[in-house]
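Colleague: Before we talk about any single feature, could you show me the model and then take me through how it is read?

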Amino acid sequence: MGSITLEAVEKWFGDVQVIKGVDLEIKDGEFVIFVGPSGCGKSTLLRMIGGLEETSRGRILIDGADVTAQPPAKRGLTMVFQSYALYPHMSVAENMGFSLKTAGAPKAEIAEKVTHAAQVLKLEPYLERRPKDLSGGQRQRVAIGRSIVRDPTAFLFDEPLSNLDAALRVEMRYEIAKLHQTLNTTMIYVTHDQVEAMTLADRIVVLEAGRIAQIGSPKELYEHPGNLFVAQFIGSPK
Ligand code: ADP
Ligand code: MG
């Protein structure tokens with residue numbers, strides 16, 4: 001399960017309000033993209049869902065349970081960032097299994113989960129390598145593998161591909177789409193890249209200065225942008 005509900009969510013940094021009342025219902029297994037210009041509040045909203053940022057007002061529910069006051073570890077979600085630090089002295093397998101080891105999981109269970117993640121991400125040939133002997137794309141896959149082994153309720157991605165070169169970005173975009181098909185887990189994905197949004201999303205949430213400007217499928221937004229801001233952002237012909 002992995003439905004996520006936001007009810008009148010607000011975020012204030014001191015007396016500056018950066019999230020201005022967001023209501024959103026994300027269905028289990030849905031791929032939802034937050035887009036919008038730099039500074040509109042995408043990362044803040046995502047971090048509030050993940051519990052890395054306190055919610056000033058409103059409620060966040062996961063599968064119907066109010067998690068607004070819960071710390072990240074109790075929410076069952078996992079975050080993948082653009083800058084991910086792999087442990088240089090550990091192999092790929094050790095990097096992917098490390099959080100389970102820290103949590104005290106049995107060796108056999110760790111091995112099973114790492115093997116499964118490696119299969120999903122096509123990392124089986126590289127399990128014994130160190131991060132320095134991997135390509136950029138392989139390293140990014142290891143970072144995602146660390147999340148997969150946790151069996152998260154949902155994946156939260158914050159511009160995970162923005163540090164990669166253009167060709168790799170296309171390849172990883174395809175990998176993430178496949179990952180979603182394989183795992184069928186809820187994914188919330190922040191990007192300012194329209195192409196990523198249009199190709200990956202079941203639904204796109206367009207944010208404008210801390211508010212939702214429009215929500216819809218890529219096709220709906222493209223064909224019926226609600227206002228000029230959305231039209232310009234999505235690249236609609238009007
Ligand atoms: P985005 O990810 O869409 O680029 P952010 O969520 O990072 O936007 O930021 C939204 C707004 O909140 C910006 O104006 C940013 O400067 C502000 N902001 C983000 N984090 C903090 C913070 N810790 N303290 C004060 N202001 C912040
Ligand atoms: Mg951001």
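Modeller: In helix H4, the buried residues (20 or more other C-beta atoms within 10 Å of their own, with 12 or fewer meaning exposed and anything in between partly exposed, C-beta atoms being placed from the backbone) are Gln140, Arg141, Val142, Ala143, Ile144, Gly145, Arg146, Ser147 and Ile148. This is a predicted model, in which local features need pLDDT of at least 70 and side-chain atom pairs count only at pLDDT 80 or more, while totals for chains, interfaces and linings use all residues. Residues are numbered from 1 along each chain as its sequence is written, with chains lettered from A and ligands numbered from 1 in the order in which they are written.

Colleague: Against what do the buried residues of H4 pack?

Modeller: Helices (H or I, at least four residues) and strands (E, at least two) are DSSP runs numbered from the N terminus, and contact means C-beta atoms, placed from the backbone, within 7 Å. The buried residues of H4 pack against strands S6 (77-81) and S7 (154-158), and against helices H2 (92-102), H3 (107-120) and H5 (166-183).

Colleague: Which residues touch the most other members of the largest nonpolar core?

Modeller: In general, nonpolar side chains tend to be buried together in soluble globular proteins. A nonpolar core is a set of buried Ala, Val, Leu, Ile, Met, Phe, Trp, Tyr and Cys residues joined through C-beta atoms within 7 Å; here the largest has 62 residues, and Ile33, Phe34, Leu156 and Ile188 touch the most other members. Strand S3 (residues 31-35) gives this core its largest share, five residues.

Colleague: Is Thr44 buried or partly exposed?

Modeller: Thr44, which lies in helix H1 (residues 42-50), counts as partly exposed because it has 19 C-beta neighbours inside 10 Å.

Technical notes:
Contact = placed C-beta atoms within 7 Å.
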